[in-house]
Structures are given as C-alpha cells and as structure tokens.
Amino acid sequence: MQADLLAEVERLRGDRKPFVLATVVRVERPTSAKAGDRAIVLADGTLAGFVGGTCAESTVRLEGLRLLETGESTLLRITPADPATDPAPAPSGPAAEGMVTVANPCLSGGTLDIFLEAMLPPPLVCVFGDAPVAQALMAAGAAIGYEMRGVSGGLPPDADAVVVASHGRDEPPVLTAALRAGVPYVALVASRRRGSAVLAGLDVTDEERARVHTPAGLDIGARTPGEVALSILAEIVASRPRAPVTRRAGPAAVAPKTAVDPVCGMSIAVTPGALSLEHGGAVWYFCGTGCRDAASADPQRYLAPAG
C-alpha cells in the first residue's frame, strides 16, 4: 500500500471515520490495475488511491457506498462481459458466495476482482459517572472491543450508546442530551421506581422517554457491579445500536444516490465529483470521460428524453 494511503487509513481510524478499503486481488489483462493496488472510498463518495481507470473507479465508488450502509464486505468482480448474455459460465457454487459481479462495457477487455472491506469504527459507548458499575462497564466493554469513553460534559456526535451510572448526579441533562442527539441506545442505572421518577421529569417527548432503558441491562439476576455491567453490555449487543454512517461521517455525507449512464447503461453513484453534462433541462451522469464525450458529440442519440 502506498505510504500516503496507509497514513490516510490510520488517520481515518483515529478520527473514527467510516470508509471502505478496496484491494485488487486478481486481474485478467488487459487492465491498468494490478494485484495489490488499493484505494479508499469515503462516505461522501471521495475515492483516493488507484484500482483502475475512471470506469472501474465509478463501480468501486458505488459499491463502496452501498457497503457503508450495511457495514458488510464483499468481493467485487468488474468484467466487460454481461453475465446474463455472455456465453462464458458465470461464477457459481461456494466461490460465488459473497461476490458481486458488475458488467462494465467500457473496460478494455480485462476483468478485475476487488475485495471491498467496510471499515467501520468500533461501537462507541459513553459512560457518565464513576460508580462501581460505571468502572466495571468501562473495563468489560473494552474487553469485547468496544470503544469506552467516560464523559462528564458534552457527548460526541457519533456515540452509539450512553449509559448514565452516576447515582442521581446530573442525570436529567445527560439523558436529555443523548435523546435529542438521537443516540441509538440510552440507559439509566437505577431502580425501577427511581428510574420512572427520573424519566417523568425529563423535558422530552413520550416517544423519546420510552427509548430510555431503565433499569439498565437485561434481567439476568445481576447483583454485583460486574454482573450489572455484563447485563448492560448484553443489552447493548442485543439491540445492536449503530449510529447511521451519515451521522458518523458528518453533515457532508449522504445516502448514495444512483443514476444510469445513458451511453453504456452502467449504474453510477451521484456524488459532488461525478462526471455530468447538462442537456435539455436535465443533468446526465457518466461513468467516465469516454461516455460523456460520446453523449456530447451525439446528444440526439444518447440524451433524448424517454418517450
């Protein structure tokens, strides 16, 4: 991996930014990419690195954005042949599981197999308080690979869970802030009676109030601080809280929108840097400069309105 790309990967991990790491694992020439080439795809559609020409990049960008929505990884095959019409047999059996095949008629004849790995930051659990339960929760959460963060003031914007374990100290403002921020999992360590009283006094909607887990944790008969911490983590795991990728990546990130290249028929991601052409009061998007140039030279053929 290029040194600058490696540095960018480490920076993104440190900043808790989601991205997809694309690695070329196999090629059938002629291709401009070779095995081992890599690139990263950010949640705003930015692609850095090299995995082939602009047409291959367009496909990697679109599939990468889709994976960021699911958090999954896949093997992407980009080929000039259409699996639905080409006489060559398509991949089948165990080797085809987890593979997405995309026909790219703009390729020069080669085939690329690219592994797309969604790199999402670990769940971020914010714990308010320093009671024994809070301390046990910090230790147990770190042991299972979660990022545990003790908080005393503002909450980070990408928190997946907020657990208030301060035994009565400043509970309402922290709970209110977590609910209004849309944190997926919010819990209060308290008895059922005291928890109900705290919730009744919150200046939130009934729907938001109902999202607070109190008593915190699953009912497993927990007694010690460690057991209570275990029950809370079990509830967090069971609910699988995950802040949306768009919120983790900041306001510039949006869910992927797609368009169809009018020349080659490929689906492409509509991002701020996508190749486009205005014609007939509409904006048309393209996988690469070749298709855009073809449409520009013959708009009556490629850019005529449907119907």
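**Figure 1. Overview of the predicted chain.** The model shown here is predicted, and its chain contains ten helices and 15 strands. Of the 307 residues in the chain, 43% are buried, while the accessible surface comes to about 15100 Å², with 54% of that area belonging to carbon and sulfur atoms. Among contacts with a separation of 6 or more, 62% are made by residues 24 or more positions apart.

Figure 2. Although L188 and V164 are separated by 24 residues in sequence, their C-alpha atoms are 4.8 Å apart in space. Apart from its neighbours within four places in sequence, L188 is in contact with several residues, including V164, E171, L175, G195 and V198, and its contacts also include the run of V212, H213, T214, P215 and A216.

Figure 3. A polar atom of the E171 side chain lies 2.9 Å from the backbone nitrogen of G168. Beyond its neighbours within four places in sequence, E171 is in contact with V164, S166, L188, V189, R194 and V198.

**Figure 4. The D160 side chain and the backbone of L124.** D160 is placed in the loop between β8 (147–151) and β9 (161–164), where it counts as buried at 0% relative accessibility. A polar atom of the D160 side chain lies 2.7 Å from the backbone nitrogen of L124.

**Figure 5. The cysteines C55 and C287.** The structure holds zero disulfides. A disulfide is a covalent bond between the sulfur atoms of two cysteines. For C55, the closest cysteine sulfur is that of C287, and the two sulfurs are too far apart for a bond because they are separated by 3.6 Å, whereas a disulfide calls for a pair of cysteine sulfur atoms within 2.5 Å. C55 is buried, with a relative accessible area of 14%, and C126, another cysteine of the chain, is also buried, at 0% relative accessibility.

Figure 6. The peptide bond from R29 to P30 is cis, with omega near 10°, and P30 is found in the loop between β1 (19–28) and β2 (38–42). A cis peptide bond also joins T214 and P215, with omega about -5°, and P215 is in the loop between β11 and α7. R16, which is not a glycine, has a positive phi near 60°; this arginine sits in the loop between α1 (3–14) and β1 and is buried, with a relative accessible area of 5%.

**Figure 7. A nonpolar surface patch that includes L218.** L218, I220 and L230 form a nonpolar patch on the surface, and together they have about 270 Å² of accessible area. L218 is in the loop between β11 (212–213) and α7 (225–239), and its relative accessible area of 36% makes this leucine partly exposed.

Technical notes:
Residues numbered from 1 in each chain as written. Predicted model: local features only at pLDDT ≥ 70, side-chain atom pairs only at ≥ 80, totals over all residues. Heavy atoms only, no water. Helix = DSSP H or I, 4+ residues; strand = E, 2+ residues; numbered from the N terminus. Buried < 20%, exposed > 50% of the residue type's maximum accessible area, 1.4 Å probe, protein only. Contact = heavy atoms within 4.5 Å. Areas by Shrake-Rupley, 256 points an atom, 1.4 Å probe, with all protein chains shown as cover. Polar contact = N/O pair within 3.5 Å; in protein donor to acceptor, adjacent residues only side chain to side chain. Patch = residues over 30% accessible without salt bridge, like charges linked within 9 Å, V, L, I, M, F, W, Y side chains within 5 Å. Salt bridge = Lys/Arg side-chain N within 4 Å of Asp/Glu carboxyl O.
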